[in-house]
Every structure is written in structure tokens, then in C-alpha cells.
Amino acid sequence: MRRAARSALEGGLDPVIVVLGAFRESVEIFVAGLEPLVIINNDAWETGQASSLRAGISQAMTSGCDGALVMLADQPLVDTLSISSLVERFGRDNRVVASRYSGVIGAPAVFGSEYFDRLLALIGDHGAGKWLRSNADLVTAVDIDEAAVDVDTPDDLKHLPT
């Protein structure tokens with residue numbers, strides 16, 4: 001979590017919105033001291049990944065953001081360079097920019113504000129990845145091989161490259 005938030009801050013993103021759900025109190029410690037962060041508590045986290053996405057996008061809308069980078073804390077190799085690669089492609093002609101890795105497109109990804117309503121409509125345990133893949137014609141893909149590595153279990157940590 002700290003690495004993801006720090007990478008977003010170092011990438012010049014503003015605001016950086018962190019959505020916390022399960023184990024909120026113990027996870028919040030890991031982002032303590034990073035400034036400036038907007039921390040959102042997702043009390044509906046048990047309903048699935050989409051609820052966290054909705055919480056973050058709602059805050060981006062409230063903040064008047066033209067776009068939002070959606071990234072996951074379980075992709076430890078995604079760094080500032082990865083984020084910059086996506087953000088640099090985002091603009092007037094590229095309003096959805098997503099990572100491509102292992103033959104698929106997915107997070108991290110940048111969405112223009114005109115797509116926020118579509119993200120807010122997602123429900124269940126599906127985040128933005130499914131939406132990206134079903135709307136591939138809208139997506140500018142950027143090769144981010146580091147995004148293929150995710151950590152979901154303690155055993156996954158053992159297999160991280162050193």
C-alpha cells in the first residue's frame with residue numbers, strides 16, 4: 001500500500017486518493033506520513049472490489065478531477081516510471097489509457113472524467129479490468145510488464161523477484 005501511494009505521489013498525481021476497506025486500521029498505518037493523501041474509508045468493502053473503485057471515483061468527481069488513475073496496491077512492481085508511462089499518454093485524444101501485460105489490458109489505468117459514470121455503475125467483485133477488456137476499442141494500451149505481478153497471498157511474496 002505504501003509503495004503504491006508513494007509511487008503515485010512521486011508521479012505528480014494530485015490528489016492521490018487511497019481507498020481503505022478490510023483491516024482499515026492496520027493498513028492505514030502503512031500510509032501514515034505520506035502527504036498529501038486523501039484517505040477514503042469504504043465501509044461496503046465486503047460487497048466486492050467495485051465498491052472501492054466507486055468510492056475512489058466518487059472522491060475524484062468531488063475533487064473536480066479531469067481523470068483518475070486506478071491502481072491496485074497488490075502490484076508491487078508498478079512504480080513511478082510505470083505510472084508516468086500511462087499518464088503521459090493520457091490526454092485529449094487518449095481518454096482511457098491502460099496497462100497491457102501477459103496478453104491482457106488492465107490496471108493500472110487512467111480514465112477520463114467522461115467515463116466516471118460508467119465506473120460508478122460497476123458492482124460486485126469486478127474492478128475496472130473487466131470494463132477495460134469489454135471496451136478495448138476505447139483503450140490506448142501501454143506495455144507495463146511489471147503490472148503482471150500481483151501479491152494476493154503470503155506465498156506470492158516468496159515468488160517476488162529480488
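Modeller: Contact here means heavy atoms within 4.5 Å. The model is predicted.

Biologist: Among contacts with a separation of 6 or more, what share joins residues 24 or more positions apart?

Modeller: Take the contacts in the chain with a separation of 6 or more. Then pick out those between residues 24 or more positions apart. Their share is 62%.

Biologist: What radius of gyration does the chain have, and why does it agree with a compact globule?

Modeller: The chain has 162 residues. A compact globule of that length would have a radius of gyration near 15 Å, so the chain agrees with its own value of 15 Å.

Biologist: In what order do the four strands of the open sheet lie?

Modeller: Start with the edges: E3 and E6 each pair on one side only. E3 pairs with E5 in the antiparallel sense, over four bridges. E4 and E6 run parallel, also joined by four bridges. The pairing is mixed, and the order is E3-E5-E4-E6.

Biologist: Which residues form the covered face of strand E6?

Modeller: In a regular strand the side chains alternate between the two faces of the sheet. In E6, Ala 141 and Asp 143 lie on the uncovered face. The covered face has Thr 140 and Val 142.

Biologist: Which helix packs on the sheet, touching E3, E4, E5 and E6?

Modeller: The helix spans residues 80-89. Its direction makes about 155 degrees with that of E6. It is helix H4.

Methods. Residues numbered from 1 in each chain as written. Predicted model: local features only at pLDDT ≥ 70, side-chain atom pairs only at ≥ 80, totals over all residues. Heavy atoms only, no water. Buried < 20%, exposed > 50% of the residue type's maximum accessible area, 1.4 Å probe, protein only. Helix = DSSP H or I, 4+ residues; strand = E, 2+ residues; numbered from the N terminus. Pairing = 2+ DSSP bridges. Axes fitted to C-alpha atoms, helices over the stretch in contact; angles between N-to-C directions. Rg over C-alpha atoms; globule rule 2.2 N^0.38 Å.
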